[in-house]
Amino acid sequence: MTRFATLALMILPMSGQAEGIWTTMTGTEISAALTDRTLAYAEASQTFYASGKTLYNQGGRESWGSWRVDNNQYCSEWPPQGLWACYHMDRSGEKLRFIGAGDDITVGMYLGE
């Protein structure tokens, strides 16, 4: 067992945040993690502006929406629906995980950093 514990400690990143270990984010952490930042998803990217606007780009097609933090959740609205959808967020190193009401999960990673 000691050999396993030693091996486990050796593979942890120096940052102290092991990849794959997700921690729940607070509203303050969500704001800091997203404001004026861009995330890359599997086939898209999204920029979160301090103004509350967000730009989603998939294959060169752009879509503008709005975002905010409410009750420790990331919330977004996309015209023309006008309905806000909110997501719990977790973080693992440079990865951010959005978890929807139906437990749908989207993972993004910082782009250009």
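Over the face of which residue does Arg-37 lie? Arg-37 lies over the face of Tyr-110, at 3.8 Å from the ring centre. A charge is taken to sit over a ring if NZ of Lys or CZ of Arg is within 6 Å of the ring centre and within 35 degrees of the ring normal. Another such arrangement involves Arg-68, whose charged end sits over the ring of Trp-84, 4.0 Å from its centre.

The model is predicted: local features need pLDDT of at least 70, side-chain atom pairs count only at pLDDT 80 or more, and totals for chains, interfaces and linings use all residues. Residues are numbered from 1 along each chain as its sequence is written, and side-chain values use heavy atoms, with hydrogens and water left out.

The protein has 2 helices and 9 strands. Helices (H or I, at least four residues) and strands (E, at least two) are DSSP runs, numbered from the N terminus. From that terminus on, the order of the elements is α-β-α-β-β-β-β-β-β-β-β. Of the 113 residues, 31% count as buried, where buried means under 20% relative accessible area, exposed over 50%, and partly exposed in between (1.4 Å probe, protein chains only).

The largest nonpolar core has 14 residues. Such a core is a set of buried Ala, Val, Leu, Ile, Met, Phe, Trp, Tyr and Cys residues joined through side-chain atoms within 4.5 Å. Those with the most contacts inside the core are Leu-34, Leu-39, Phe-48, Tyr-74, Met-89, Leu-96 and Phe-98. The elements that give two or more residues to this core are α2 (27-34) and β8. The largest share, 3 residues, comes from α2.

Strand β8 (residues 95-99) is mostly covered, with 4 of its 5 residues buried. Two strands count as paired if DSSP finds at least two bridges between them. β7 and β8 pair in the antiparallel sense over 5 bridges, and Arg-97 in β8 is the bridge partner of Asp-90. The hairpin of β7 and β8 has 2 residues between the strands, and Gly-93 takes a positive phi near 60° there. β8 also pairs with strand β9 (residues 105-110), in the antiparallel sense and over 5 bridges. Across this pairing, Lys-95 stands opposite Met-109 in β9. The hairpin of β8 and β9 has 5 residues between the strands, and Asp-103 in the turn has a positive phi of about 60°.

Strand β7 also contains Ser-92, which is buried with a relative accessible area of 0%. A polar atom of the Ser-92 side chain lies 3.3 Å from the backbone oxygen of Ile-21.

The structure holds 9 aromatic pairs. Rings of Phe, Tyr and Trp (its six-membered ring) pair if their centres lie within 6.5 Å; planes under 30 degrees apart count as stacked, over 60 as edge-to-face and the rest as tilted. The pair of Tyr-49 and Trp-64 is stacked, because the ring centres are 5.9 Å apart and the planes stand at 25°. Tyr-49 lies in the loop between β3 (45-48) and β4 (53-58) and Trp-64 in strand β5 (residues 61-70), so the pair ties together parts that are 15 residues apart in sequence. Tyr-49 counts as partly exposed at 31% relative accessibility, and Trp-64 counts as partly exposed at 45%.

Tyr-56 and Trp-78 form an edge-to-face pair, 6.3 Å centre to centre and with 75° between the planes. This pair links distant parts of the chain, 22 residues apart: Tyr-56 is in strand β4 and Trp-78 in the loop between β6 (73-77) and β7 (84-92). Tyr-56 is partly exposed, with a relative accessible area of 25%, and Trp-78 is partly exposed, with 22%. Both belong to a cluster in which ring pairs link Tyr-41, Phe-48, Tyr-56, Trp-67, Tyr-74, Trp-78, Tyr-87 and Phe-98.

The count of disulfides comes to 1, a disulfide being a pair of cysteine sulfur atoms within 2.5 Å. Cys-75 and Cys-86 form this bond, with their sulfur atoms 2.0 Å apart. The torsion about the S-S bond is about 105°, so the disulfide is right-handed. Because Cys-75 lies in strand β6 and Cys-86 in strand β7, the pair ties together parts that are 11 residues apart in sequence. Cys-75 is buried, with a relative accessible area of 0%, whereas Cys-86 counts as partly exposed at 27% relative accessibility.

Definitions and conventions:
Polar contact = N/O pair within 3.5 Å; in protein donor to acceptor, adjacent residues only side chain to side chain.
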